[in-house]
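These are my notebook entries on a single structure. I record what I looked up, entry by entry.

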Amino acid sequence: MDFLFPLLILALLVPMFFGIRKQKREAEKVSTMQEALKVGDAVVTTSGLYGTVVDLDEDTVDLEIAEEVVTTWLRQAIREVRADEQTVEETPEATDAPVEEVVEQTETRLTKD
């Protein structure tokens, strides 16, 4: 009976310890990624905004989110760096011929509210 309380405390502290270690590893990984940013990187912010890095400062990053539209963000707002080219595999049917729409489909699509 004397060993039950220490074992219970140990059973609660061990998962907490491993959880904290995992969080520290993830934070270090994100911090390293944010420090390694360079001009031209395609990134995603924590709010889900996609952009390209056009200028860097010690604390801020300027992102081009559309042609000639540049916004300034904190480095900590960058969640991930995307791969240079994210291509979607096209099926052979999709590249063979353009799909034509009949008049009824166009009218339905345009008048649909």
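**Entry 1**

I note that the model is predicted. I then looked for a partner of Asp41 and found a salt bridge with Lys38, in which the closest N and O atoms are 3.2 Å apart.

I asked how many salt bridges the structure holds. The count is two. The other entry I made pairs Glu80 with Arg79, the closest N and O atoms being 3.8 Å apart. I checked the exposure of both partners: Glu80 is partly exposed, at a relative accessible area of 36%, and Arg79 is also partly exposed, at 43% relative accessibility.

**Entry 2: Overall layout**

I recorded three helices and five strands in the protein chain. Read from the N terminus, the order of the elements is α-β-β-β-β-β-α-α. I also looked up burial for the chain: 14% of its 113 residues count as buried.

**Entry 3: Nonpolar surface patch**

Which residues form a nonpolar patch on the surface? I listed Phe3, Leu7, Leu10, Val14, Phe17 and Phe18, which together have about 650 Å² of accessible area. I placed Leu7 in helix α1, which spans residues 4-35. Leu7 counts as exposed because its relative accessible area is 53%, and the class begins over 50%.

I then turned to aromatic pairs, of which the structure holds one. The pair is formed by Phe17 and Phe18 and is edge-to-face, with 5.6 Å from centre to centre and 65 degrees between the planes. The angle decides the label, because planes over 60 degrees apart count as edge-to-face.

**Entry 4: Negative surface patch**

I asked where on the surface negative charge gathers in a patch. I found the patch at Asp55, Asp57, Glu58 and Asp59. For Asp59 I noted a position in the loop between β2 (50-56) and β3 (60-66). Asp59 has a relative accessible area of 48% and is therefore partly exposed. That value also meets the requirement for patch members, because they need over 30% relative accessible area.

Conventions: Residues numbered from 1 in each chain as written. Predicted model: local features only at pLDDT ≥ 70, side-chain atom pairs only at ≥ 80, totals over all residues. Heavy atoms only, no water. Patch = residues over 30% accessible without salt bridge, like charges linked within 9 Å, V, L, I, M, F, W, Y side chains within 5 Å. Areas by Shrake-Rupley, 256 points an atom, 1.4 Å probe, with all protein chains shown as cover. Salt bridge = Lys/Arg side-chain N within 4 Å of Asp/Glu carboxyl O. Lys, Arg positive; Asp, Glu negative; His and termini not counted. Charge placed at Lys NZ, Arg CZ, Asp CG, Glu CD. Helix = DSSP H or I, 4+ residues; strand = E, 2+ residues; numbered from the N terminus. Buried < 20%, exposed > 50% of the residue type's maximum accessible area, 1.4 Å probe, protein only. Phe/Tyr/Trp six-rings, centres within 6.5 Å; stacked < 30°, edge-to-face > 60°.
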